[in-house]
Amino acid sequence: TISGLALVMAAGAAQAQSDACGDGETVIKFSHVVADSGHPKGDAAQLLAKNINEQMDGKACMQVFPNSTLYDDDKVMEALLLGDVQLAAPSLSKFEAYTLQLRLYDLPFLFPTLEAANSYLASEDATALLAALEDEGYKGLGYIASGLKQFSANKPLMLPEDAAGLKFRVQTSDVAVAMIEAMNASAQKLAFKEVYGALQTGVVDGQENTWCNIYTQKFFEVQDGITETNHQLLAYGVITSQEWLDGLEEDVREQFLQILGDTLEQANQQVADQEGDCRNSITEAGAEIRELDDSQRQAWVDTMKPVWDQFEGDIGAEVIETAESYGS
Ligand code: LMR
């Protein structure tokens, strides 16, 4: 029967996962929500698993659960503290319940280019911000860069006015809500795995995300086109539980952190190319990408940038200024 077959297949998959871990190895489960490959986070997770499984064989093993198959980004935070997973990398927009300082990353037009964003993410200034998570029992281990975000909707968007009255899916971020409201549009917070269905059924009219999320989740199939606004950064905080990390044997912990740091550095160098490939794939799939001229782009900046004032107190003026300096 079909259900019998499904059971056998599920058992096979579980078997394959547990096979990767030998007796006595520290099991490191990494749960995330995006595609398992062809995406900066999916690829970074795979590379990390490969490096850990090769270099720490006998001591530790990593299993990756992509595509929200294990947890969405809300649930994974609890799962980390319960010890059900050891590694997660939610987008920085999703840490609002834990610290308001990371709202920095949601400020629209903070970084003029992905390059500027990446050089900030690689800096000690950016690393220092992750310390805010420690009070909550988490430990931020680094960043995975992803890309700049683009808008799409069920009608062409060339100017912010075109979005007036539409409803956009946003991540669980009040900065994103304020930004959408500045466009006289309305925002609805939804989990990532629900976005395609919400666009398809008209629960929301539009969304904002990176080229690789738009491509791998096929959002372009259920939208009129994508407008290249590059209005906001999408990046991830790689986090674990402080208690789990402290409980590792010292040599295991050190090797794990070393491999993690090296892998993230390597992975983050690929991001611009990966995003370019996803953009091309969207065009090849026949979807329309709308580019903005300077005055159109300025209209988006003028509409959205005033929301900075609402969040400066949460983030700190100095933190904002420092991040901005990477783009000048
Ligand atoms: C989203 O919810 O749109 C993103 O955070 C998903 C992701 O992890 O890229």
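Predicted model: local features only at pLDDT ≥ 70, side-chain atom pairs only at ≥ 80, totals over all residues.

Reader: Why is K50 called partly exposed?

Author: K50 has 13 C-beta neighbours inside 10 Å. Exposed means 12 or fewer, and buried means 20 or more. The count for K50 falls in between, so K50 is partly exposed. K50 belongs to helix α2, residues 40–55.

Reader: What makes A182 partly exposed?

Author: The count for A182 is 18 C-beta neighbours inside 10 Å. A182 is in helix α6.

Reader: Which residues does A182 touch, leaving out those up to four places away in sequence?

Author: They are T303, M304, P306 and V307. A contact needs C-beta atoms within 7 Å. The C-alpha atoms of A182 and M304 are separated by 6.1 Å, although the two are 122 residues apart along the chain.

Reader: Where does helix α6 lie?

Author: Helix α6, residues 174–182, lies across β6 and β7. Its angle to β7 is about 155°.

Reader: Why is F109 called buried?

Author: F109 has 21 other C-beta atoms within 10 Å. The cut-off is 20 or more, so F109 is buried. F109 sits in the loop between β3 and α4 (114–121). Its phi is positive, about 60°, although F109 is not a glycine.

Reader: Is N67 buried or partly exposed?

Author: N67 is partly exposed, with 16 C-beta neighbours inside 10 Å. That count lies between the limits of 12 and 20. N67 is in the loop between β2 (60–65) and α3. N67 also has a positive phi of about 60° without being a glycine.

Reader: What puts the buried residues of α3 on the same side?

Author: In helix α3, residues 73–82, the buried residues are D73, V76, M77 and L80. They cover an arc of only 105° around the axis, so they are on the same side of α3. An α-helix has 3.6 residues a turn, so residues three or four places apart point the same way.

Reader: What do these buried residues pack against, and what does the other face carry?

Author: The buried residues of α3 pack against β1 (26–31), β3 (87–88), β4 (138–148) and β10 (233–241). The face turned away from the buried side carries the exposed residues E78 and L82. Just after α3, G83 takes a positive phi of about 80°.

Reader: How is β8 joined to β5 and to β6?

Author: Strand β5, residues 150–153, pairs with β8 in the antiparallel sense over 4 bridges. Q150 stands opposite N209 in β8. Strand β6, residues 167–170, runs parallel to β8, and 2 bridges join them. The cut-off is at least two, so β6 and β8 count as paired. R169 stands opposite Q207 in β8.

Reader: What is the order of strands in the open sheet, and why are β7 and β11 at the edges?

Author: The open sheet of 6 strands has the order β7-β6-β8-β5-β9-β11, with mixed pairing. β7 (186–189) and β11 (289–290) each have a single partner strand, so one side of each is without a neighbour in the sheet.

Reader: Which residues surround the ligand?

Author: They are V33, V34, S91, Q171, F192, N209, N213 and L234. The shell divides into 4 nonpolar, 4 polar and no charged residues.

Methods
Residues numbered from 1 in each chain as written. Near = placed C-beta within 6 Å. Nonpolar A, V, L, I, M, F, W, Y, C, P; charged D, E, K, R; others polar. Contact = placed C-beta atoms within 7 Å. Axes fitted to C-alpha atoms, helices over the stretch in contact; angles between N-to-C directions. Arc of directions from axis to C-beta.
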